[in-house]
Amino acid sequence: MNSKRKPGPDDLWFLPLGGCGEIGMNLNLIGHNSEWLMVDCGINITSSPVPNAQPLIEIPNTEFIDQQKNTLQGILVTHAHEDHFGAISSLWTRWRCPIYALAFTLSVIQRKALIRGLAVPENLVEIQIGSTNQYGSFSVIWHPIAHSIPENCGLEITTSAGKIFHSGDWKIDRSPQIGEPFKSKRFAAIGQRGVDAFICDSTNAQEPGNSLSESEVEPTVKRILSHEKGRVIVGCFSSNIARINTIAKIATESGRYVGLLGRSLAVMVDCAKERGYFDPSIKWIDSQHIGYLPRDEVLVFATGSQGEQGAALTKLAVDLHPAMALDAGDAVIFSSSIIPGNEVVIERLFLKFEKLGIHVFHPGNVDSTLHVSGHPCENDLRQMYQLICPNVVIPVHGEEVHLGTNADIALSCGVNKALLGLNGDLFCISPEPRVIKGFANTGRLPLPDRRNNNDT
Ligand SMILES: [Zn+2]
Ligand SMILES: [Zn+2]
């Protein structure tokens, strides 16, 4: 057992306090030269087994870093998904260190804090995509990489004891609709600089083949809209701005106004408008006016594609939404996946709409692509391992089975070593790659401030 609690000048450590052995609640620490850098600080959201109850929101146990907060150089936030930033507004007062992120991510952090009735974190520092920045002993390049949200980053972290490439969440997409298309040169160059450890997203490691491009959704939605004569409601993840832009553009081309129902959609769309991500031709309409438009002039994005209690889609399905009511012949398109665990509640939602005579389209009943994932499948992983050529891979962002599959893929691509472990295990990268089990206490804790957390 290593009794050392702090990394020395020859050490390069990786310590996950969340997100390793689970999907959600990512909180990673990188240690070197008596200093720590935090990558992401997310929450876990579990739907309650009790009908009509609020979902359970949890944060990682951070006592390890709380006890040495003066050594924390900052929090680097890779992107604006709740499992990567959601705990910051509840926890930042413990550390009061700088919080670094790109403009869109910072904007989402600020607005979500306000919605939750929490103080907006101080020390928010905007980073430019592609820039190199020094945080204590760590030099970090913020690389653009496709996912399912704008301004997503992978981090190239260099210290005198070695180099890490932390992928964050990613996929290979040559036509992501927003942001830089995949450039193999960018990642080959990282590999040429010599990567000791590649900390890599494992979510879809068990999916064979290549991940599908965001551009593949457009023809399917076009085809559906060309047949629909009534109102069209679209359920998709609020943060998928490329998807919202694509569908809103198609709606505008077919003479429809575009509305939004649900607070989390309004927040994300506002942040994206601020950054100029929407096509200027889109005819947005205030939600209170939607109900007065002719049916064939309406397309509305609505929250609740996971069947969340109190969200707009759930209210529409039982005719309890104050802004509009649906009629037989209207359509609901689910341009989203089913998060495991939500199957029953989503199936019930489909049935409620169908009973009202509403056309329901979802990835399970449409032949062409209606949703694509933002995570790498097997071939994406293979391609990236061949470009980055790391000495060691550390699979993260997955349950044990996903981590194991990702490790096998890496080894079959010629990576020397895969380090497997869970939250609280210490992954030593330098001087010698190895895992020390149970180095730090971890666990899930209820979010300390539950005020107004249901922002669907
Ligand atoms: Zn993500
Ligand atoms: Zn994630």
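Glu378, Leu381, Arg382 and Tyr385 of helix α11 meet Asn406, Ile409 and Ala410 of helix α12. This is a predicted model. The two helices, α11 (residues 378-388) and α12 (residues 400-412), pack at about 45° with axes 9 Å apart. That angle makes α11 oblique to α12. Their crossing is right-handed.

Phe104, Ser107, Val108, Arg111, Lys112 and Ile115 in α4 meet Arg263, Val267, Met268, Cys271 and Glu274 in α8. The crossing of α4 and α8 is right-handed. The table sets out both pairs.

| Helix pair | Angle between axes | Axis separation |
|---|---|---|
| α11 and α12 | about 45° | 9 Å |
| α4 and α8 (residues 263-274) | about 145° | 10 Å |

**Domains**

The protein divides into domain 1 (12-209 + 376-446) and domain 2 (214-361). Taken over C-alpha atoms, the domain centres are 31 Å apart. At the boundary, 19 residues of domain 1 are in contact with 20 residues of domain 2.

In soluble globular proteins, nonpolar side chains tend to be buried together. Here the largest nonpolar core has 134 residues, and Ile30 and Met38 touch the most other members. Helix α7 (residues 241-253) gives the most to this core, with seven residues. The core draws at least three residues from each of domain 1 and domain 2.

Which residues does Met38 contact, leaving aside its neighbours within four places in sequence? They are Leu27, Leu29, Ile65, Leu72, Ile75 and Leu76.

Leu27 lies in strand β2 (residues 27-32). Leu27 counts as buried because 28 C-beta neighbours fall inside 10 Å. Beyond four places in sequence, the contacts of Leu27 are Leu17, Gly18, Gly19, Met38, Asp40, Cys41, Gly42 and Pro60. Of these, Gly42 sits 15 residues away in sequence from Leu27, with 6.3 Å between their C-alpha atoms.

**Ile109 in helix α4**

Ile109 belongs to helix α4 (residues 103-115). Is Ile109 buried or exposed? Ile109 is buried, because 23 other C-beta atoms lie within 10 Å. Neighbours within four places in sequence aside, Ile109 is in contact with Phe85, Ile88, Ser89, Ala101, Pro121 and Leu124. Pro448 is 339 residues from Ile109 along the chain, and their C-alpha atoms are separated by 17 Å.

Most residues other than glycine have a negative phi, and most peptide bonds are trans.

Cys389 is not a glycine, yet its phi is positive, at about 45°. Cys389 is found in the loop between α11 and β19 (392-396). With 19 other C-beta atoms within 10 Å, Cys389 is partly exposed.

His397 also has a positive phi, near 50°. His397 is found in the loop between β19 and α12. His397 is buried, because 30 other C-beta atoms lie within 10 Å.

The remaining site concerns a peptide bond. From Ser430 to Pro431 the bond is cis, with omega near 5°. Pro431 has its place in the loop between β21 (426-430) and β22 (434-436).

Conventions:
Residues numbered from 1 in each chain as written. Chains lettered and ligands numbered in written order. Predicted model: local features only at pLDDT ≥ 70, side-chain atom pairs only at ≥ 80, totals over all residues. Core = buried A, V, L, I, M, F, W, Y, C linked by C-beta atoms within 7 Å. Buried ≥ 20, exposed ≤ 12 C-beta atoms within 10 Å, placed from the backbone. Helix = DSSP H or I, 4+ residues; strand = E, 2+ residues; numbered from the N terminus. Domains from an automatic or database assignment. Contact = placed C-beta atoms within 7 Å. Axes fitted to C-alpha atoms, helices over the stretch in contact; angles between N-to-C directions. Parallel < 35°, antiparallel > 145°, perpendicular 65-115°, else oblique. Left-handed = near helix turned anticlockwise from the far one by under 90°.
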